[in-house]
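Here is a short tour of one protein model, written for someone who likes to know the cut-offs behind each term. Please have the viewer open as you read.

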Amino acid sequence: MSQKEKMLCDPFTNSKQRAQVACRRRALRVACSRNILIIVLKLYRRAISPIYGQVCRFFPSCSAYALEAVTVHGAVKGTWFSLRRIVRCHPWNAGGLDPVPSPAVVNWDDPTKVPMIVQLNHPDVFLAKQQETQSRNAA
């Protein structure tokens, strides 16, 4: 019996491979939808956002918040956070600082591994870390 016939006859091997292929396809779809949302948000920030000017009552702005949320949390959860933020943006809300909730597992000790939008939306945190790493390297 050849290796291929053994794989076809063995239901456990075949189901494992099917599960792995399904998992890879799902990960590809999720990454693709996330990347599409990021492209749409960047296009909005370049083309439409400059027309309105600085009118957002929150920091970071709603488009920067959405971009960070989708980048850090993925397409589904990032969209949910963005929609909640847009609903809160109305004339009776005072606005102010409204950061994106940090993910459950984050390893941003190295500033070079942090997405640029996160660094721009949280300059105090990452400038302090950058100065700390530079002072360690100088010592």
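## A first question

Does S82 count as buried or exposed? With a relative accessibility of 9%, S82 counts as buried, where buried means under 20% relative accessible area, exposed means over 50%, and partly exposed lies in between (1.4 Å probe, protein chains only). S82 sits in helix α5. Setting aside residues up to four places away in sequence, S82 touches Y65, A66 and A69, a contact being heavy atoms within 4.5 Å.

## Ground rules

This is a predicted model, in which local features need pLDDT of at least 70 and side-chain atom pairs count only at pLDDT 80 or more, while totals for chains, interfaces and linings use all residues. Residues are numbered from 1 along each chain as its sequence is written, and side-chain values use heavy atoms, with hydrogens and water left out.

## The overall layout

The protein has seven helices and two strands. Here helices (H or I, at least four residues) and strands (E, at least two) are DSSP runs, numbered from the N terminus. Read from the N terminus on, the order of elements is α-α-α-β-α-α-β-α-α.

Of the protein's 139 residues, 22% count as buried. Take the contacts between residues at least 6 apart in sequence: 62% of them join residues at least 24 apart.

## Where α4 meets α5

Helix α4 covers residues 62-73 and helix α5 covers residues 75-88; their axes come within 7 Å and cross at roughly 160 degrees. The axes are lines fitted to C-alpha atoms, for helices over the stretch in contact, and the angles run from 0 to 180 degrees between N-to-C directions. The two helices are therefore roughly antiparallel to each other, given that angles over 145 degrees count as roughly antiparallel, under 35 as roughly parallel, 65 to 115 as roughly perpendicular and the rest as oblique.

On the α4 side the contact is made by C62, Y65, A66, A69, V70 and H73, and on the α5 side by A75, K77, G78, T79, F81, S82, R85 and R88. By class, these residues divide into seven nonpolar, four polar and three charged. The nonpolar class holds Ala, Val, Leu, Ile, Met, Phe, Trp, Tyr, Cys and Pro, the charged class Asp, Glu, Lys and Arg, and the polar class the others, Gly among them.

Leaving aside neighbours within four places in sequence, E68 is in contact with H73, V100, I117, V118, N121 and H122. From E68 to P99 the distance is 9.4 Å, C-alpha to C-alpha, with the two 31 residues apart in sequence.

G95 lies in the loop between α5 and β2 (96-97) and is partly exposed, at 27% relative accessibility. Beyond residues up to four places away in sequence, G95 touches R57 and F58. The C-alpha atoms of G95 and R57 are separated by 4.8 Å, although these residues are 38 apart along the chain.

## The cysteines

How many disulfides are there? Counting a pair of cysteine sulfur atoms within 2.5 Å as a disulfide, the count comes to zero. For C62, the nearest cysteine sulfur is that of C56, 3.8 Å away. For C89, the nearest is that of C62, at 4.3 Å. C89 is partly exposed, with a relative accessible area of 32%.
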